[in-house]
Amino acid sequence: MTPSKAPLHSVSGDTAGADLAAARRVLTTAGEALTQLAEALNGDFSHAVGLMLAAKGRVIVSGMGKSGHVARKTAATLSSTGTPAYFVHPAEASHGDMGAITRQDVLLLLSWGGETAELSDLITYAKRHRIPIIAIGANPDSTLIKAADVKLVLPRAPEACPMGLAPTTSTTMMLSLGDALAVALMERKGFSPDQYRDFHPGGSLGRALIRVSDLMHKGDAVPLARADTPMRDLLLTMASGRLGCVGVVDAKGALIGIVTDGDIRRHVAGIENRSASEVMTADPKIARPDELAAEALALMTEKKITQLFVLAEGDPAPAGVIHIHDCLRAGLT
């Protein structure tokens, strides 16, 4: 006998309404707090950016509890956007991890109340070795804020928790301020999409930023023939290149056409007596080396072709050739 399935949990209209009201209250509270934070920012924020930018070492980020989780994320965001950063757990720092911090570093310490006991050893170590401290907290009279070289004071916005106890609004502000620091540093450095791709070689972010030059065949792997090349030699060049095409160039090496498998099939009658110029498609579609590979793939898909010769701006000679299979192997879809 087949056991009956458990009934799906039903939610009454009153319950659903209460859930939505709670969610909207949390989001509205967070939004208002972020607006206050944005309005409260001053020159200290720019000072913090400058201090991190000038560091010859890394930005060491630390915090305890929920602030520690935010600190980990902030360190990861900084690292992935071109600012070397590392999370150090404050309790572990007191048991040997302090050795990961050097005089070339900058400390970014997070604590809402600013009296987190576990941060005290980090503060003492930084002061002894003259390591700059940037503090993020809400209490300007706290030990952390008073000890900091740069003080980023958060507005005393209420937590969204109905008891006003669970870190919600406070951690949202810390997280957003960490993101703001990372973005400001990116803009100061002129951080480029290519650099971003270098830090994100895997996953959809890395794939989205792959350039044509990263995937194209170049050098001796580019199948080329002169316009007067007889068909027998042209077919040998096509077969050796294994790309299903040959680029046709003039006496100066400029690309004037392309011969593909399809061109061969269309001119099969009497083809043995023809030359490259007689069967080629003139003025073929091309790609640029600095284009995103996704753009090249889109063009090939739109035109129902499988390869593009690659020409650098201002240079009519082929720099390479990209095949649709190169794009698919790279994970582009």
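Predicted model: local features only at pLDDT ≥ 70, side-chain atom pairs only at ≥ 80, totals over all residues.
# How the helices, cores and loops are described

Reader: Which residues make the contact of α2 with α7, and how many of them are nonpolar, polar and charged?

Author: With contact taken as heavy atoms within 4.5 Å, α2 brings F45, S46, A48, V49, G50, M52 and L53, and α7 brings L177, A180, L181, A184, L185, R188 and K189. Sorted by class, this contact holds 10 nonpolar, 2 polar and 2 charged residues, where Ala, Val, Leu, Ile, Met, Phe, Trp, Tyr, Cys and Pro are nonpolar, Asp, Glu, Lys and Arg charged, and the others, Gly among them, polar.

Reader: What makes α1 oblique to α7?

Author: Helix α1 (residues 13-40) and helix α7 (residues 169-189) have axes that come within 9 Å and cross at roughly 45°, and that angle makes α1 oblique to α7. T29, A30, A33, L34 and L37 of α1 form this contact together with T169, T172, M173, S176 and L177 of α7, and the residues divide into 6 nonpolar, 4 polar and no charged.

Reader: How do α3 and α7 lie to each other, roughly parallel or roughly antiparallel?

Author: Helix α3 (residues 66-80) packs against α7 at an angle of about 15°, their axes being 9 Å apart, and with that value α3 counts as roughly parallel to α7. In α3, K66, S67, V70, K73, T74, T77 and L78 meet T171, M174, L175, G178, D179, A182 and L185 in α7; by class, the contact has 6 nonpolar, 5 polar and 3 charged residues.

Reader: What makes L234 count as buried?

Author: Buried means under 20% relative accessible area, exposed over 50%, and partly exposed in between, with a 1.4 Å probe and protein chains only; L234, at 0%, is therefore buried. This residue lies in helix α11 (residues 231-241), and its contacts, neighbours within four places in sequence left aside, are A225, T229, V246, V259, A276 and V279. The C-alpha atoms of L234 and S275 are separated by 8.1 Å, although the two residues are 41 apart along the chain.

Reader: Why does R130 count as exposed, and what about E118?

Author: R130 has 75% relative accessibility and so counts as exposed, and its place is the loop between α5 (120-128) and β4 (133-137). R130 also has a positive phi of about 55°, although it is not a glycine. E118, in the loop between β3 (106-110) and α5, has a relative accessible area of 32% and is therefore partly exposed. Beyond its neighbours within four places in sequence, E118 is in contact with M64, P90 and A91, while its C-alpha atom is 8.5 Å from that of G63, 55 residues away along the chain.

Reader: Why does K304 count as exposed?

Author: K304 has a relative accessibility of 74%, which means that it is exposed. It is found in the loop between α14 (293-303) and β11 (307-310), and its phi, near 55°, is positive in a residue other than glycine.

Reader: Which residues have the most contacts inside the largest nonpolar core?

Author: I134, I136, L152, L154 and L181 do, in a core of 32 residues, and α7 supplies the largest share, 6 residues. Such a core is a set of buried Ala, Val, Leu, Ile, Met, Phe, Trp, Tyr and Cys residues joined through side-chain atoms within 4.5 Å. I136, its neighbours within four places in sequence aside, is in contact with L108, L109, L110, S111, L144, L152, L154, M174, L177 and L181. A second, separate core of 19 residues includes I101, I133, A135 and I145.

Conventions
Residues numbered from 1 in each chain as written. Heavy atoms only, no water. Axes fitted to C-alpha atoms, helices over the stretch in contact; angles between N-to-C directions. Helix = DSSP H or I, 4+ residues; strand = E, 2+ residues; numbered from the N terminus. Parallel < 35°, antiparallel > 145°, perpendicular 65-115°, else oblique.
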